[in-house]
Amino acid sequence: DKYSEVLVIQPSNLQATVKIAELWANIARRAEKIFDLNQGLKKAREFANKAMQLDSGSVEALWVKAYVHRHFAETEFKKDDAAEELRQW
């Protein structure tokens, strides 16, 4: 919640965006239901993409983008979809 509060005040804060993406990926990874897993990973991907938009050359932004994609590849039932998404990135 603290990181979300930071984004309300300062929407272009890269550190908070990266941390939220990382936290959503971790939450999704521990989800027991497929729906919760998919929703968490979608939110993580949304924040990872936002981090890339804020600073595409940032090590943190690149790391969190790869981190989220790794979780997609590990959990995606359709491995081809996960691989295609990585290729498009």
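A residue counts as buried under 20% relative accessible area, as exposed over 50%, and as partly exposed in between. W63 has a relative accessible area of 42%, so W63 is partly exposed. The model described here is predicted.

**Overall fold**

The chain has five helices and zero strands. Along the sequence, the order of elements reads α-α-α-α-α. The chain has 89 residues, and 34% of them count as buried. The accessible surface of the chain comes to about 6,000 Å², and carbon and sulfur atoms hold 52% of that area. Of the contacts in the chain with a separation of 6 or more, 53% are between residues 24 or more positions apart.

In soluble globular proteins, nonpolar side chains tend to be buried together. The largest nonpolar core in this model has 20 residues, and A51, V64 and V68 have the most contacts inside it. Helices α2, α3 (34-54) and α4 (59-75) are the elements that give two or more residues to this core.

Leaving aside neighbours within four places in sequence, V68 is in contact with A21, A25, L41, A44, R45 and A48.

**The aromatic pair**

The structure holds one aromatic pair. The ring centres of W63 and Y67 are 4.8 Å apart and the ring planes stand at 15°; planes under 30 degrees apart count as stacked, so this pair is stacked. W63 is partly exposed, whereas Y67 is buried, with a relative accessible area of 13%.

Helix α2 covers residues 14-29, and N26 is placed in it. E22 is also in helix α2. Not counting residues up to four places away in sequence, E22 touches W63, V64 and Y67. With the same exclusion of sequence neighbours, N26 touches Y67 and H71.

The table lists the accessibility of several residues named in this report.

| Residue | Relative accessible area | Class |
|---|---|---|
| E22 | 17% | buried |
| N26 | 14% | buried |
| S58 | 6% | buried |
| Y67 | 13% | buried |
| Y3 | 35% | partly exposed |
| W63 | 42% | partly exposed |

**A loop residue**

S58 lies in the loop between α3 and α4. At 6% relative accessibility, S58 falls under the 20% cut-off and so counts as buried. The C-alpha atoms of S58 and L14 are separated by 8.9 Å, although S58 and L14 are 44 residues apart along the chain.

Y3, L23 and I27 make a nonpolar surface patch of about 250 Å². Y3 is found in helix α1, which covers residues 2-9. Y3 has a relative accessible area of 35%, between the cut-offs of 20% and 50%, so Y3 is partly exposed.

Terms used
Residues are numbered from 1 along each chain as its sequence is written. This is a predicted model: local features need pLDDT of at least 70, side-chain atom pairs count only at pLDDT 80 or more; totals for chains, interfaces and linings use all residues. Side-chain values use heavy atoms; hydrogens and water are left out. Helices (H or I, at least four residues) and strands (E, at least two) are DSSP runs, numbered from the N terminus. Buried means under 20% relative accessible area, exposed over 50%, partly exposed in between (1.4 Å probe, protein chains only). Contact means heavy atoms within 4.5 Å. A nonpolar core is a set of buried Ala, Val, Leu, Ile, Met, Phe, Trp, Tyr and Cys residues joined through side-chain atoms within 4.5 Å. Rings of Phe, Tyr and Trp (its six-membered ring) pair if their centres lie within 6.5 Å; planes under 30 degrees apart count as stacked, over 60 as edge-to-face and the rest as tilted. Patches are made of residues with over 30% relative accessible area and no salt bridge: like charges are joined within 9 Å, nonpolar side chains (Val, Leu, Ile, Met, Phe, Trp, Tyr) within 5 Å. Accessible areas come from the Shrake-Rupley method with a 1.4 Å probe; for residues, only the protein chains shown count as cover. A salt bridge is a side-chain nitrogen of Lys or Arg within 4 Å of a carboxyl oxygen of Asp or Glu.
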